[in-house]
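Dear colleague,

My notes on it follow directly after.

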Amino acid sequence: MSEQTNPIISFKNFSFQYRAQKKPTLHDINLDIYPGERVLIAGPSGSGKSTLIRTINRLIEPSDGKIFIDGTEVTALNKKQLRELRRRRIGMVFQQFALYPHLTVLDNAAYALKIAGVPREARRARAREVLALVGLADYAEHFPDQLSGGMRQRVGIARALAVDPEFIV
């Protein structure tokens, strides 16, 4: 990367240890991710892939070190600042989909916009756009239990895309 480009995500001396473990799951990680990069985090089950991703937006708190997003120290944000960061800048696709079973596919895709205070018709229109992008426009009025696992994953992707985040994890 060019020296003029700053990382969008940065881990500095980052570690995470579950309380019950003697050794850290993740230890002394230094990682910079630059705008436009696509990063794959791979490893065996239990190696800390999901933990690392969940610490980016502090769904899991790090044990040590710092995390920066576009130069802002995420580990220093208060609850209100963290909530705004999650609402406005980060899209999250959850490993187990995190869909609401009582909401339609359309309303699941629009959920992040609802939390952000977007009016109902505007959020439903945007949700329809992103459902079309992921090939689920015809399933907008279905419920999650009527979809395959892959389709549920695409609803999660649509929800992450709906808020037009700077990046998706």
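Asp70 is partly exposed, with a relative accessible area of 45%; here buried means under 20% relative accessible area, exposed over 50% and partly exposed in between, for a 1.4 Å probe and protein chains only. Asp70 has a positive phi of about 50 degrees although it is not a glycine, and its place is the loop between β3 and β4 (72-73). Helices (H or I, at least four residues) and strands (E, at least two) are DSSP runs, numbered from the N terminus.

Two remarks on conventions are needed. This is a predicted model, in which local features need pLDDT of at least 70 and side-chain atom pairs count only at pLDDT 80 or more, while totals for chains, interfaces and linings use all residues. Residues are numbered from 1 along each chain as its sequence is written, and side-chain values use heavy atoms, with hydrogens and water left out.

Asp28 belongs to strand β2 and is partly exposed, at a relative accessible area of 43%. For context, most residues other than glycine have a negative phi.

As to the overall architecture, the chain has six helices and six strands, which follow the pattern β-β-α-β-β-α-β-α-α-α-α-β along the sequence. Its C-alpha atoms fill a box of roughly 45 × 35 × 30 Å, taken along the principal axes. Of the 169 residues, 38% count as buried. Among contacts (heavy atoms within 4.5 Å) between residues at least 6 apart in sequence, 61% join residues at least 24 apart.

The interior may be described next. A nonpolar core is a set of buried Ala, Val, Leu, Ile, Met, Phe, Trp, Tyr and Cys residues joined through side-chain atoms within 4.5 Å. The largest such core has 21 residues, of which Phe11, Phe14 and Phe167 touch the most other members. At least two residues of this core are supplied by each of β1 (9-16), β2 (26-33), α1 (49-56), β3 (64-69) and α2 (79-88). The largest share, four residues, comes from β1. Apart from this core lies another, of 19 residues, among them Ala109, Ala127, Ala158 and Val163.

With neighbours within four places in sequence left aside, the contacts of Phe14 include Leu26, Asp28, Ile29, Leu52 and Ile67.

Leu106, in helix α3 (residues 105-109), is buried, with a relative accessible area of 0%. Leu106 and Ala127 are 21 residues apart in sequence, yet their C-alpha atoms are 6.1 Å apart in space. Beyond its neighbours within four places in sequence, Leu106 is in contact with Arg124, Ala127, Arg128, Leu131, Ala140 and Glu141.

Finally, how do helices α5 and α6 cross, and at what angle? The axes of α5 (residues 120-133) and α6 (residues 149-162) come within 9 Å and cross at roughly 130 degrees. Axes are lines fitted to C-alpha atoms, for helices over the stretch in contact, and angles run from 0 to 180 degrees between N-to-C directions. The value makes α5 oblique to α6, since angles under 35 degrees count as roughly parallel, over 145 as roughly antiparallel, 65 to 115 as roughly perpendicular and the rest as oblique. Arg126, Val130 and Leu131 of α5 meet Ala158, Leu161 and Ala162 of α6 in this contact.

With kind regards
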